[in-house]
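Reader: Please give me a close look at the packing in this model, from single residues up to pairs of elements. I would like the cut-off behind each term.

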Amino acid sequence: MDVGLLSFIIAQVEGEWHLSAGAVGMIGSISSLGMAIGAVVFGALADRIGRKSVLLITLLIFSLGSFASAFSTGYAMFVALRLIVGAGLGGELPVASTLVSESVPVKHRGRSVVLLESFWAAGWLVSSLVAYFVMPHWGWRIALVLTGATALYGLYFREGLQESPVYAAEGAAKKKPFFTALAEMWNAKHWQSTAMLWVVWFMVVFSYYGMFLWLPSVMVMKGYTLIHSFGYVLIMTLAQLPGYFTAAWIIEKIGRKKTLSIFLIGTAITAFGFGMANGVVALVVWGALLSFFDLGAWGALYAYSPEQYPADVRSTGSGMAAGVGRIGGIVGPMLVGSLVAKGIGFPVIFGIFAVSLLIAVCAIVAWGVETQGRQLD
C-alpha cells in the first residue's frame, strides 16, 4: 500500500511543489536506497536476534515514518522521511518471506510464500482505491496518515506471531558475524546461487520501480487527466492478484525455476507492449498483462530466494540479494526521469526494462538450481 500510494502521491506533489522530472525520479530512488539499507541491515539482524523481533521493528519504522511523511513541509523533508520508510519496508520484506519459508511444511512452502506476497497486490489495490476515491477530495496527506495506522498491527506481531521454528531450534544457536555469513554466501557451495539471486533481484527491482512508480505519470504524459490515470491504473492493478494466484498454483507443479522464468519472460514481452501502446484500451490491456506477469514473478522470487541458503545465513542471504536489488530500484526511477527529460520515448524506455528482464532469465538458466521439495534446516 505504501509503495503503491507513493506512485500516486508523486503524480500530485510534482505539480504542487513544481518538481522537475529528475526530482520526481529522486523520490523513488531515495525510497529504494532506504530499502537497500534496510534489507541488508535487518536481514543480517534477523539471523542474530530472530525473525519475529525484526518484523516488529521494521513494521514500526515504516508505519511511523509514513505517518510522519504526511506532515512534510516540503520536498527535502519528504525525501528524508522516505529514506526512513524505505529502510523499514526493505527490511521487512525478505524477513517475512524467510519466516514463512521456515514455518510451513515443505510441500506447501512455495505456494505459501507466493500467497504471502500476494498481499502486496492487495496493498496496491487499496492504494489505488484511496488514490481514486480519497485523494481527490482530501489530498495526499490523509493517505499517508492511513498507512501510519499499520503500526497498530505491531500489537499482533508482539503477542500473536510465533518465532520461526527453524530459527528457534537451530539458527539462534549458530549466530555468525556478518562478514562470516557473507563469505559463506560466496563459497564454492553457494556462489552460483548468490550470483544468480543478485543479478535477478537487481533486474527485477530495476524494471519494477522504473515502470510502476511512473505508471500514473506515464498515463498523464500520454494525454490523460490525473483522475482518469488513477482509474486506469486501478484497473491494471486488479490483474496483480490473478498473477500471484497463478504463480502460487503452478510453483509446486513445475518448480521455482520454470515458474520464475516464465513470468519474467511474460513481463519482458508485456513491458515492451505497454511502451508501444497508445489509446486507452491498448494501455489498460498491456498494463494489466504487465501487472499479471510482473507480480507473479515477484511471488516466485520471494519463494525461491530463502531456499538457497542454510538457516544460519538464510535471512542475511535473502536480505543481501534484496539489498542489491534495491540498487536497481534507485537506478530505475532516476533513469526514467533522465530519459523523459531528454525527450526519449516510452517504447525505448520500456524496451530497456524488457531487455533487463531477459538478462535475469539468462542468469536463472545459467546458475539457478531447482529447490522444490528441499528440506530447510
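Author: A residue counts as buried under 20% relative accessible area, as exposed over 50% and as partly exposed in between, with a 1.4 Å probe and protein chains only. The model is predicted, so local features need pLDDT of at least 70 and side-chain atom pairs pLDDT 80 or more, while totals for chains, interfaces and linings use all residues. Residues are numbered from 1 along each chain as its sequence is written, and side-chain values use heavy atoms, without hydrogens or water.

Phe202 has a relative accessible area of 24%, so it is partly exposed. Phe202 sits in helix H11, residues 191-212 (helices are DSSP runs of H or I with at least four residues, strands runs of E with at least two, numbered from the N terminus). Beyond four places in sequence, Phe202 touches Val324, Gly325, Ile327 and Gly328, where contact means heavy atoms within 4.5 Å. Gly373 is 171 residues from Phe202 in sequence, and their C-alpha atoms are 26 Å apart.

The largest nonpolar core has 115 residues; such a core is a set of buried Ala, Val, Leu, Ile, Met, Phe, Trp, Tyr and Cys residues joined through side-chain atoms within 4.5 Å. The members that touch the most other members are Trp120, Met135, Val200, Trp201, Leu260, Leu264 and Trp298. With residues up to four places away left out, Trp120 touches Val3, Leu93, Tyr208, Tyr209, Gln240, Tyr244 and Leu295.

Next come the helix pairs. Helix H15 (residues 256-276) packs against helix H16 (residues 280-304) at about 155°, with the axes 8 Å apart. Axes are lines fitted to C-alpha atoms, for helices over the stretch in contact, and angles run from 0 to 180 degrees between N-to-C directions. H15 is therefore roughly antiparallel to H16 (over 145 degrees; under 35 is roughly parallel, 65 to 115 roughly perpendicular, the rest oblique). The crossing of H15 past H16 is left-handed, the near helix being turned anticlockwise from the far one by less than a right angle; clockwise would be right-handed. The residues in this contact of H15 with H16 comprise 17 nonpolar, 7 polar and 3 charged (nonpolar: Ala, Val, Leu, Ile, Met, Phe, Trp, Tyr, Cys and Pro; charged: Asp, Glu, Lys and Arg; polar: the others, Gly among them).

Ala300 belongs to H16 and is buried, because its relative accessible area is 0%. Not counting residues up to four places away, Ala300 touches Val114, Ile251, Thr259 and Leu260. Ile327 is 27 residues from Ala300 in sequence and 20 Å from it in space, C-alpha to C-alpha.

Helix H1 (residues 2-16) and helix H2 (residues 21-49) cross at roughly 150°, their axes coming within 10 Å. H1 is therefore roughly antiparallel to H2, and H1 passes H2 in a right-handed crossing. Leu6, Ile10, Val13 and Glu14 of H1 meet Val24, Ile27, Gly28 and Ser31 of H2. By type, the residues of the contact of H1 with H2 are 5 nonpolar, 2 polar and 1 charged.

The loop between H1 and H2 contains His18. His18 is not a glycine, yet it has a positive phi of about 55°. With a relative accessible area of 71%, His18 is exposed.

Thr58, in helix H3 (residues 51-69), is buried at 0% relative accessibility. Apart from neighbours within four places in sequence, Thr58 contacts Phe42, Gly88, Gly91 and Glu92.
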